[in-house]
Amino acid sequence: MKKLMCAALCCAISMAAFAAGTKEAAGETTKASAAPSTSGKLFDKEITLKVMRYEHPSQPIKVDSAVIREIFNKTNVRLEIEAVPQANYEDKKKILIATNNIPDIILVNRQNLSDFGTSGIFLPLKEYIRKSAPNFSAIMATESEIKKLSVNNELYGFPTMMRYGEVVGFGPVIRKDLLKKHNLAVPGSFTELYTVLKKLKELYPQSYPMTARLGTKYMLSTLAYPMGSGFALSQNMGSQFGLYFDKDAGNKYIYGPGTEEFKNVITTLNMLFKEGILDPDYAVNTAQQWSEKLTSGRSFFFYDNSSFSISFTDNLRKATPDAELGVIPIMKNSQGIRRNFFYAMHWWDDLYAISSKTKDPAAVVKFMDYMYSTEGADIANFGILGEHYTKDNGEYKVLPSVIEKYASATSPLYAMYSDLGTGLLSFCPYEDERPKYQQNPVNVSLMKAVNADPGMVRPVLDPPFTNEENARIRELRNKVENTFNMEIDKFIMGAKPMSEYNAFAQKVREQGGDELASIYNAALERFNKSN
Amino acid sequence: MPWKKRFNGWNAFISFILILLGAAAIYPMIYIFVISISDGNLVMAGKVFLYPRGINFKAYQIVFESPDFLRSYANTLLYTFTGTLINLGATILYAYPLSRRDFYGRTFFTAMIAFTMFFSGGLIPSYLVVKQFGLINTMWALIFPVAINTWYMIIMRTFFQSIPDTIQESAHIDGANDLVILLKIIIPLSVPIIATMILFYAVYHWNSFFSALIYLNEKKKYPVQIILRNIVIAGELERNNNSVGADTNFITVATNFKYAVIIISTLPILAVYPFIQKYFTKGVMVGAIKG
């Protein structure tokens with residue numbers, strides 16, 4: 001009898017456990033977007049929206065910053081930002097997407113949209129934008145690349161865009177003080193560069209005049225295009241595995257490593273390596289080691305993000321007062337062309353997608369559109385008018401008292417951004433660089449110099465692909481990347497003679513390089529025809 | 001002891017080898033500590049080996065200045081304490097009945113929990129289950145799904161089995177029911193195994209960051225490991241933000257800073273360990289010998 005009671009009790013408990021489950025109460029409230037606002041704010045009724053984005057450790061996101069309060073005052077939207085540490089953002093985002101539990105607004109990248117766009121998790125935006133997003137529609141009219149973000153002819157994310165600002169790109173940066181000291185002319189072409197670096201090596205035998213960071217492919221992505229071929233590592237430049245867009249060869253995508261021009265690039269690198277001009281650790285330098293070599297005088301030249309020249313020069317001057325690592329104009333390549341990619345103007349991989357389960361989609365789109373309006377973008381970039389900044393005749397100025405407040409922090413600019421809640425790393429789809437420029441005037445002169453260089457080229461976005469094309473690209477890309485990764489360093493370091501390069505080029509082209517280029521070109525043509 | 005202590009060449013040689021091995025084992029920890037209190041520039045130049053140079057606590061200062069840090073430290077202490085308590089309670093309550101031969105559903109419950117040791121639904125079903133129970137964004141999501149670790153439970157069961165039946169039977173004759181036997185006889189006799197389990201579970205909770213990452217949505221609930229991991233890895237993420245990454249205003253994460261972070265996150269466990277160690281004389285091996 002006792003055993004039976006025992007068993008019955010156990011069953012009852014298990015049943016209760018299995019039956020426990022919460023049901024969401026489905027409340028029907030009138031939508032805030034339905035009636036036009038009469039209170040002067042964007043919405044008459046209060047709405048709460050949850051936003052999820054990553055957080056950089058330099059700029060912790062506050063839950064009750066000035067920007068959030070001001071947004072509430074102006075729009076009646078209570079913004080709840082869920083900030084996930086950047087190091088862990090990918091994992092969390094993937095889980096939430098896979099279980100369809102995303103918040104109202106979530107920061108995603110282009111790959112997420114292309115993988116999950118058609119699955120119905122994200123709100124399709126085109127129709128909503130047409131009806132209730134005048135500001136964003138105006139931006140779409142001026143920036144045609146936005147159309148390339150569409151998946152199956154439907155837009156699923158609002159890209160983070162630059163309202164005011166300039167970008168730089170990879171650029172040649174050299175020790176100008178050493179050139180002056182040894183009476184060497186500033187190199188105007190890659191052949192001259194080789195002569196100059198060789199001379200520097202003779203003068204400083206312990207040095208490795210040229211260095212690179214973040215691996216071989218990254219180094220190739222900076223050098224190949226200016227030198228006449230190309231090797232893209234990001235969707236903004238062509239692809240993530242070596243395809244690149246060439247405006248000088250017919251406005252089409254080419255698989256770099258399979259071409260003769262690329263062979264020349266590798267031959268040059270091999271020569272630089274053999275003669276001790278290229279740092280033998282080029283393939284394994286971390287960003288820290290790379291900056292260490294340049295700031296301690298062991299290397300004199302790099303081809304990378306030219307904004308580093310400023311901080312490196314400051315560092316060098318601690319030991320050598322007149323040192324100068326400065327950017328020089330784009331150099332001529334063997335075909336006589338000067339060319340170099342800018343970075344992308346806008347953040348095409350930081351898109352705000354809206355959950356399809358959100359209670360009032362039209363309101364969310366209207367709110368996102370507000371963030372692209374002058375008033376909304378002003379708040380998200382500068383704060384509260386009069387309290388944090390002034391705007392006289394279109395001239396934006398952050399108040400000196402505000403800048404003063406954060407002057408003693410380790411990083412005054414980001415301390416200000418964090419406290420106010422402004423800036424790219426907070427909730428700011430339409431970014432304005434002026435707060436940054438106000439505190440860093442030196443950067444502005446570099447920007448101007450780079451932007452004035454006629455060799456700089458704006459990159460183009462990848463065209464949109466169909467699901468089949470995406471699958472095929474993934475397949476081919478794995479094969480091609482594996483082969484490439486295994487062999488390329490052998491050629492640069494001389495472990496394999498350049499005479500075998502042609503066979504290698506043939507192999508990667510057959511394994512998928514050619515087919516990838518044709519897929520990209522076909523997709524581009526299809527996109528051009530329909531737009 | 002049958003052996004006499006002798007000092008001869010052979011012993012000296014063995015001692016020498018052991019000292020070398022001990023030094024090799026402890027040097028990395030000393031190195032990390034030394035770097036964390038040394039001057040950043042000397043560290044970058046590679047000049048710090050055995051002893052700290054340019055002693056300053058700037059790295060620790062930066063970490064403690066981080067606003068969320070102290071709160072997340074408190075969170076971790078809370079989760080570890082509550083979690084370990086619940087873990088112990090659940091494990092003991094599950095292990096004791098399984099150790100009694102007269103328990104009716106013994107095979108069934110053993111099989112049920114052993115099954116979970118080999119098979120698991122995976123990440124997404126777990127997330128959905130936790131969501132269904134309404135535990136998302138609460139601290140219970142970190143505690144209940146992992147309340148019983150099968151392996152530790154089996155160790156504990158084996159230990160309980162080694163307590164002689166006669167004691168339990170005599171208590172029963174004196175009028176004690178099962179609960180009283182458990183509380184007044186079994187647990188006092190099981191101090192070694194309980195101490196071991198406390199350490200295992202506490203370390204698990206202290207280090208757990210992935211479940212906190214996916215189940216918690218608010219920064220004020222994050223444990224310290226998430227914040228610290230972000231600080232340590234931050235330097236490697238600069239490449240992804242092209243225009244922002246070269247920003248000279250970013251706080252560059254120097255090596256000594258990372259090491260300060262490591263020290264902060266392991267210090268409590270290191271501090272507690274020596275005190276629990278005295279219980280270990282019988283602790284871990286205890287489940288191995290029956291009867």
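Author: Before the helices, a convention: axes are lines fitted to C-alpha atoms, for helices over the stretch in contact, and angles between N-to-C directions run from 0 to 180 degrees. Helices (H or I, at least four residues) and strands (E, at least two) are DSSP runs numbered from the N terminus. This is a predicted model, in which local features need pLDDT of at least 70 and side-chain atom pairs count only at pLDDT 80 or more, while totals for chains, interfaces and linings use all residues. Residues are numbered from 1 along each chain as its sequence is written, chains are lettered from A and ligands numbered from 1 in the order in which they are written, and side-chain values use heavy atoms, with hydrogens and water left out.

Reader: At what angle do α19(A) and α20(A) pack?

Author: Helix α19 (residues 467-493) of chain A and helix α20 (residues 501-530) of chain A pack at about 145 degrees, their axes being 10 Å apart. By class, their contact holds 13 nonpolar, four polar and eight charged residues, where Ala, Val, Leu, Ile, Met, Phe, Trp, Tyr, Cys and Pro count as nonpolar, Asp, Glu, Lys and Arg as charged, and the others, Gly among them, as polar.

Reader: Switching to β5(A), are its faces covered or open?

Author: Both are covered, with Phe170(A), Pro172(A) and Ile174(A) buried on one side and Gly171(A), Val173(A) and Arg175(A) buried on the other; buried means under 20% relative accessible area, with a 1.4 Å probe and protein chains only.

Reader: And which residue of β8(A) is the bridge partner of Phe170(A)?

Author: That partner is Asn305(A), and β5(A) pairs with β8(A) in the antiparallel sense over five bridges, pairing requiring at least two DSSP bridges between two strands.

Reader: What follows α16(A)?

Author: Gly421(A) does, with a positive phi near 90 degrees.

Technical notes:
Buried < 20%, exposed > 50% of the residue type's maximum accessible area, 1.4 Å probe, protein only.
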